Amino acid sequence: MVTVDPKQNAVFSPAKKRPASVHGDVILTSHQIDSFNREGFLSIPSVSTPAEIRWLTHLYDQMFAERVGYDDGYLVDFAGDEATGEMKIPQLLGPVAYRPKLRETAIWRNCEAMARQLLGPEATFRFDHALTKPANGGVPTPWHQDQAFYPRGTKYQTISFWIPLQDVAPESGCLKYVGESHKGPLHLHRPIGGNTGIHGLEALGVEEGTRVRYCPLPAGGAVVHHRLTLHGADSNVTTTPRRAYGIAFGLRRPFIVIPKEYPWNGIKHTAGDVRRKSAPSHRVKLYFKRSLMRWGLLDR
Ligand SMILES: O=C(O)CCC(=O)C(=O)O
């Protein structure tokens, strides 16, 4: 097993005395940027502080305990079809919509600053999520590429940061990558196990070869990956749940990135989709979105 030491090529200066408003305490070196561009991912030893991680862990546990987002269809099972009982990998899509304070964190500020270094000054926030791997075994996160989740009409291309809230290693479900897979192609995907009631996707025909890299990290460290980088995680066989927060930033392109729905998304019909479409908040949002699009004030 090949693991990547985040300290190896990283320069990190958590400027403790800086006021919170200063943009980005973590500055990527040109060596790190080259490494990201070459490999399609990068480990960063710290993007937060122990106090912030304690605060976020509390907030995170509260959100999952209260099942925040469930009725709106934003709390879903990434790896199960929900018809079968306990969620296998509970995932909350868009936690910042429920807890706007997430925007005020060092994690957010640092990831946004790094995204601008990697993508350019126009990079903007696109998406966040929280994903828990229950303790004592359970299912792995299969190989997938983030672009496979993009819906039709997307005009953005993203990179994703993933921040564990406790130390992670291969046995607790740290992320693993296939190095250089961001150079393409986009693999065919399918809903996990071919079950169209499952939200998560798995890539087909992945040849791992010798290029698999595990990225163990301390709590509050981060990995960042390109939208085409194949990634996944093994089962969490430790006795504590593995909590992780993810944020994606993207660049708006002058063209539609996904003109036609990917077939593997078109065939999905999940319990979360049903809840989302019937939630009153969804219907109101859809009404305003369609009106703005009709008036030319919003593109997809
Ligand atoms: O947390 C996991 O197991 C997978 C996360 C992931 O695929 C992502 O954040 O892009």
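In this predicted model, strand 7 (residues 175–178) and strand 12 run antiparallel and are joined by three bridges. Within this pairing, Leu 175 has Ala 233 of strand 12 as its bridge partner. The two strands belong to an open sheet of four strands, in which the order is 5-12-7-10 and the pairing is antiparallel. The edges of this sheet are formed by strand 5 (141–144) and strand 10 (212–214), each of which pairs on one side only. From one strand to the next, the twist averages 20°. Strands of a sheet pair, in general, through backbone hydrogen bonds, in either a parallel or an antiparallel sense.

Further antiparallel pairing involves strand 4 (residues 124–133), which is joined to strand 3 (residues 90–93) over three bridges, with Gln 91 standing opposite Leu 131 of strand 4. Strand 4 also pairs with strand 13, again in the antiparallel sense, and here the pairing extends over nine bridges. Asp 128 has Ile 247 in strand 13 as its bridge partner. Over the whole chain, seven helices and 13 strands are found.

The residues around the ligand are Leu 131, Thr 141, Asp 146, Ser 160, Trp 162, Gly 173, His 231, Ala 233, Ala 244 and Gly 246. Two or more residues of this shell are given by each of strand 6 (156–164), strand 12 (231–233) and strand 13 (242–252). By residue class, the shell divides into four nonpolar residues, five polar residues and one charged residue.

Buried residues make up 39% of the 300 residues in the chain. The largest nonpolar core contains 57 residues, and those touching the most other members are Val 47, Cys 111, Ile 163, Ala 222, Val 223 and Val 224. Helix 4 (residues 106–119) gives the most to this core, contributing seven residues. When its neighbours within four places in sequence are left aside, Val 47 is in contact with Val 26, Ala 106, Ile 107, Asn 110, Cys 111, Ile 163, Gly 220, Gly 221 and Ala 222. In the chain, 84% of the contacts with a separation of 6 or more are between residues 24 or more positions apart.

The backbone also shows some local exceptions, given that most residues other than glycine have a negative phi and most peptide bonds are trans. Arg 67, placed in the loop between helix 2 (50–65) and strand 2 (75–77), has a positive phi near 55° although this residue is not a glycine. Arg 67 is exposed, with 11 other C-beta atoms within 10 Å. A positive phi of about 70° is likewise found for Glu 180, which is not a glycine either, and which lies in the loop between strand 7 and strand 8. Glu 180 is partly exposed, with 14 other C-beta atoms within 10 Å. The loop between strand 7 and strand 8 (189–191) also holds Pro 185, and the peptide bond leading from Gly 184 to Pro 185 is cis, with omega near 5°.

Terms used
Residues are numbered from 1 along each chain as its sequence is written. This is a predicted model: local features need pLDDT of at least 70, side-chain atom pairs count only at pLDDT 80 or more; totals for chains, interfaces and linings use all residues. A residue is near a molecule or strand if its C-beta atom, placed from the backbone, lies within 6 Å of it. Ala, Val, Leu, Ile, Met, Phe, Trp, Tyr, Cys and Pro count as nonpolar, Asp, Glu, Lys and Arg as charged, and the others, Gly among them, as polar. A nonpolar core is a set of buried Ala, Val, Leu, Ile, Met, Phe, Trp, Tyr and Cys residues joined through C-beta atoms within 7 Å. A residue is buried if 20 or more other C-beta atoms lie within 10 Å of its own, exposed if 12 or fewer, and partly exposed in between; C-beta atoms are placed from the backbone. Two residues are in contact if their C-beta atoms, placed from the backbone, lie within 7 Å. Two strands pair if DSSP finds at least two bridges between them. Axes are lines fitted to C-alpha atoms, for helices over the stretch in contact, and angles run from 0 to 180 degrees between N-to-C directions.
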